[in-house]
Amino acid sequence: MEIRRLANILFKILMPLVLGGTILYWMYRGEDWRQIQHVMTDEMDWTWMLLSFPFGILAQMFRGWRWHQTLEPMGEKPRTSVSLHAIFVSYAVSLIIPRVGEFTRCGILKRYDGISFSKALGTVVTERAIDTLLVMGITAIVLLLEMSTFGTFFERTGTSIDTILNRFSLTGYFVSAVCIVAILILLHILLRRLSFYNKVKTTIRGIWQGVISLKGVRNIPLFIFFTLSIWLSYFLHYYLTFFCFDFTKDLGVGCALVTFIVGSIAVIVPTPNGAGPWHFSVKTMLILYGIADVQALYFVLIVHTVQTLLVVALGIYGWAALSFTRRINLKQK
């Protein structure tokens, strides 16, 4: 059992690294690394990169403040500093095992402020749902504004939405729906038969309380402000890097929005900070805007690497700050 558990842990750690590493190797095989170093040391304007850092930090801080706000309706009041430091650490931890940071930040609140883990996890689910809806809305707007660029993408890649949809007949849709329902029913039966079903029910109940906590948020305008500020900060953190390079500084906001959205969607693939999928998707879209293949490769590698190092630095800071934070365990949850 221990060997199987260890193998499972190793798989969760190695699989994202192998996947991301394979994509990066495929993209950068044969590249002249001395030229990349030359671009970083002699051609880049690092002033714009440094100016982008505050927005990368603010994005995580706004997320911490919003998270703190969503916990209040459930009677959970963690310290603001602990919430922020938990966010910093969670992003850094996710560089090792993608998505595990969501659980890490909930565990930090439980450890330092006695916050219910399941309720905290429920608010994380709420956050992700809201962020997903916002990204979908932004994507729709970008699609309308930059339709010609996406048309070029579909034309060059031979991808057709109509072709994809036409592959499914009415029977195919029906069979797919039946399969999904069957899977859900099977999972329900399995959960009922498991010995820890009551524990699972308790956890799910806590998660559900977190999901519906939004209706109890006292200051909805502030919540909306935090949400918009998170994504505006993310965008500015990315957009300002365009001005670091002569070949991207004149591309404009439209290109930045398209590549930002495409990159945000690409990070869904479970690799450390989206490494690999993010590089490929952003590079592909930059080429459609007229950027040379080699220049696009340099841009995505340098920008992603530097911004990932910022995430690491914030994570180290958050971990160090928590090391000097007094634990408050007033509740047994």
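F299 is buried, at 0% relative accessibility (buried means under 20% relative accessible area, exposed over 50%, and partly exposed in between, with a 1.4 Å probe and protein chains only). The model is predicted: local features need pLDDT of at least 70, side-chain atom pairs count only at pLDDT 80 or more, and totals for chains, interfaces and linings use all residues. Residues are numbered from 1 along each chain as its sequence is written, and side-chain values use heavy atoms, with hydrogens and water left out.

**Overall make-up**

- The protein has 14 helices and 0 strands; helices (H or I, at least four residues) and strands (E, at least two) are DSSP runs, numbered from the N terminus.
- Of the 333 residues in the protein, 41% are buried.
- Among contacts with a separation of 6 or more, 75% join residues 24 or more positions apart, a contact being heavy atoms within 4.5 Å.
- The accessible surface comes to about 18,800 Å², and carbon and sulfur atoms hold 69% of that area (Shrake-Rupley method with a 1.4 Å probe; for residues, only the protein chains shown count as cover).

**Aromatic pairs**

- The whole structure contains 22 aromatic pairs; rings of Phe, Tyr and Trp (its six-membered ring) pair if their centres lie within 6.5 Å, and planes under 30 degrees apart count as stacked, over 60 as edge-to-face and the rest as tilted.
- One of them joins W65 and F226, a tilted pair with 6.3 Å from centre to centre and 35° between the planes.
- W65 belongs to helix α3 (residues 46–71) and F226 to helix α11 (residues 220–239), so this pair ties together parts 161 residues apart in sequence.
- W65 is partly exposed, at 27% relative accessible area, whereas F226 is buried at 10%.
- F245 and F299 have ring centres 5.5 Å apart and planes at 70°, so they form an edge-to-face pair.
- F245 lies in the loop between α11 and α12 (252–266) and F299 in helix α14 (residues 293–323), which puts the partners 54 residues apart.
- F245 is buried, with a relative accessible area of 2%.

**Charges over rings**

- R105 lies over the face of W67, at 4.6 Å from the ring centre; a charge sits over a ring if NZ of Lys or CZ of Arg is within 6 Å of the ring centre and within 35 degrees of the ring normal.
- The charged end of R327 sits over the ring of Y112, 5.6 Å from its centre.

**Helix α12**

- Helix α12 has 15 residues and should span 21 Å at 1.5 Å a residue, which agrees with the 21 Å between its end C-alpha atoms; the expected span is 1.5 Å times one less than the number of residues.
- The buried residues of α12 include C255, F260, I261 and A266.
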